[in-house]
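I opened a new notebook page for this protein.

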Amino acid sequence: MKDDFEGKLAKVAEIGYKEVEFAGYEKHSPQEIRAMLDRHGLTGPSAHVPYKDLGDAWPGVLEAAHVVGHQYLVNPYIDGRYSQGTGWLETRC
């Protein structure tokens, strides 16, 4: 998705998909993402959210989700690389 982000969304729509799931916006704003989705008749009901964004960045994540139209946010994993591979042991929810 780093190259020709919108072109790839267009191709996904062209082959018949109606929904996409994001794992980052590749430096595009939520408003730009929403406009691209609208132009190609797509929706983005869900997105992956990195573990690091579940802290202080959370309000911004929620605002972006609202703008893009996400209904679901998924944290796909807790990065075990923290603290020499023991980060999952130190994680507090």
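**Helix H3 and its surroundings**

I started with H3, whose buried residues pack against H2 and strand E3 (72–74). The model is predicted: I took local features only at pLDDT of at least 70 and side-chain atom pairs only at pLDDT 80 or more, while totals for chains, interfaces and linings use all residues. Residues are numbered from 1 along each chain as its sequence is written, and side-chain values use heavy atoms, with hydrogens and water left out.

I noted my terms. Helices (H or I, at least four residues) and strands (E, at least two) are DSSP runs, numbered from the N terminus. Contact means heavy atoms within 4.5 Å. Buried is under 20% relative accessible area, exposed is over 50%, and partly exposed lies in between (1.4 Å probe, protein chains only).

Which residues of H3 are buried? I found Val61, Ala64, Ala65, Val67 and Val68. They cover an arc of only 160° around the axis, so they lie on the same side of H3. The arc is that of the directions from the helix axis to the C-beta atoms. On the other side of H3, I found Pro59 and His66 exposed. Gly69 follows H3 and has a positive phi, near 105°.

**Helix H2**

Next I looked at H2 (residues 30–39), where Pro30, Ile33, Met36 and Leu37 are buried. Their arc around the axis is only 125°, which puts them on the same side of H2. I jotted down a reminder: an α-helix has 3.6 residues a turn, so residues three or four places apart point the same way. The buried residues of H2 pack against helix H1 (5–14), strand E1 (19–22), strand E2 (43–48) and helix H3 (58–68). Just after H2, Gly41 takes a positive phi of about 65°.

**H2 against H3**

How do the two axes cross? The axes of H2 and H3 come within 8 Å and cross at roughly 20°. These are lines fitted to C-alpha atoms, for helices over the stretch in contact, with angles from 0 to 180 degrees between N-to-C directions. That makes H2 roughly parallel to H3 (angles under 35 degrees count as such). I listed the residues in contact: Pro30, Gln31, Ile33, Arg34 and Leu37 of H2, with Ala64, His66, Val67 and Val68 of H3.

**The whole protein**

I ended with the overview. The protein has 4 helices and 3 strands. Along the sequence they follow the pattern α-β-α-β-α-β-α. Of the 93 residues, 29% are buried.

Definitions and conventions:
Parallel < 35°, antiparallel > 145°, perpendicular 65-115°, else oblique.
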